[in-house]
Amino acid sequence: MAHSGIQGRLGGRNMAADRTRGYKTVKIMKKAFCSPRKCSILERKTGGRAAARAGRAGGQGKAMELRVLAVGDVVGEAGVTCLRDHLSALKRLHSVDFTVVNGENAAGVGILPRQAQEIFNAGADVITLGNHCWDKMQILEYLEDTPYLLRPANGSEGLPGRGFGIFEGPRGLQIAVVNLMGRLSMNAHLDSPFHKADAILNTLGEADVVLLELHAEATSEKGALAWYLDGRVQALWGTHTHVPTADVQILPGGCGFVTDLGMTGPQQSVLGLRPEQAINRFLGGLPERFAAAAGPCKLDAVLFVIDTEQKRCTQALRCDIRE
């Protein structure tokens, strides 16, 4: 599956990504990995059996069953390792064509360029972020130069990076991914995700499929946005709470929805933290640096099957993994 950014459709930025037949190419302009004038190119095959069936032969048209995997917040190095160990097999099992992973907690809080690269290597097509996207300032240059790494689109104007993009999928499908953040109990200074979603959707006329992630605390805000956009997006999922919800559903207008994907990280933890560290915070103890829990991990994810001709989600199901 080859991916390419579309000129003028990467979060409002004028950037085009390279295109390589049968491969996805990601350019990384980060001095930690290469000289300022050179790019480290990651080329990796994407998609499973469904992508192979879809092919790119002329005359087939874009109508197909697109299988999209959305993976919950990756927490710490343990979460990155879990993703590396299990994502490829999960994609093969479910014949996944396109994968979106929330990576904003890969460094505990925030994400480093090295971790973003590892998540891409594990099989992510797009990485989304959330309220911790600025907690590791080392990510700024990488975020600016990597169109497949998205941060919430409803922040202040002029922030590095981009909040949405259109990417090429099997059969030349134009797949839009939008990353938004909620305001309730999060950040009241953000633009309304409802109004921002309207504005972005008005620019995505060439998109065949629209996927949206809302990184938010309140379940009501996530559910309300899903119903508001039902019939205009084909899948909408929530992230942030690290707790998988049991409400996977398809709304009347054809939007596949789940309130929260969950997380990818230590099972025996409080949202990925060592339990004693979380207890200390609630008992009023001194602040401590993030410390991920030990032990076996889990990978929480939801599969959305989308009829690209009808522009409807036809199936949505959890496909979680426990080590």
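A pocket here is an open set of points on a 1 Å grid over the protein atoms alone, where a 1.4 Å probe fits, with protein on both sides within 12 Å along at least five of seven lines. Its volume is the space filled by probe spheres set on the points, which are joined across faces, edges and corners. This is a predicted model: local features need pLDDT of at least 70, side-chain atom pairs count only at pLDDT 80 or more, and totals for chains, interfaces and linings use all residues. Residues are numbered from 1 along each chain as its sequence is written, and side-chain values use heavy atoms, without hydrogens and water.

The second largest pocket has 19 lining residues, each with an atom within 4 Å of a point. Trp 134, Gly 155, Met 181, Asn 187 and Leu 190 lie nearest its centre. The lining splits into seven nonpolar, nine polar and three charged residues. Nonpolar means Ala, Val, Leu, Ile, Met, Phe, Trp, Tyr, Cys and Pro; charged means Asp, Glu, Lys and Arg; the others, Gly among them, are polar.

Now the largest pocket. It holds about 540 Å³ of space. It is lined by 22 residues, with His 132, Val 270, Leu 271, Leu 273 and Arg 281 closest to its centre. Nine lining residues are nonpolar, eight polar and five charged.

Turn to the helices. Pro 193, Phe 194, Ala 197, Asp 198 and Leu 201 of helix 5 meet Glu 221, Ala 224, Leu 225, Tyr 228 and Leu 229 of helix 6; contact means heavy atoms within 4.5 Å. This contact has eight nonpolar, no polar and two charged residues.

Technical notes:
Helix = DSSP H or I, 4+ residues; strand = E, 2+ residues; numbered from the N terminus.
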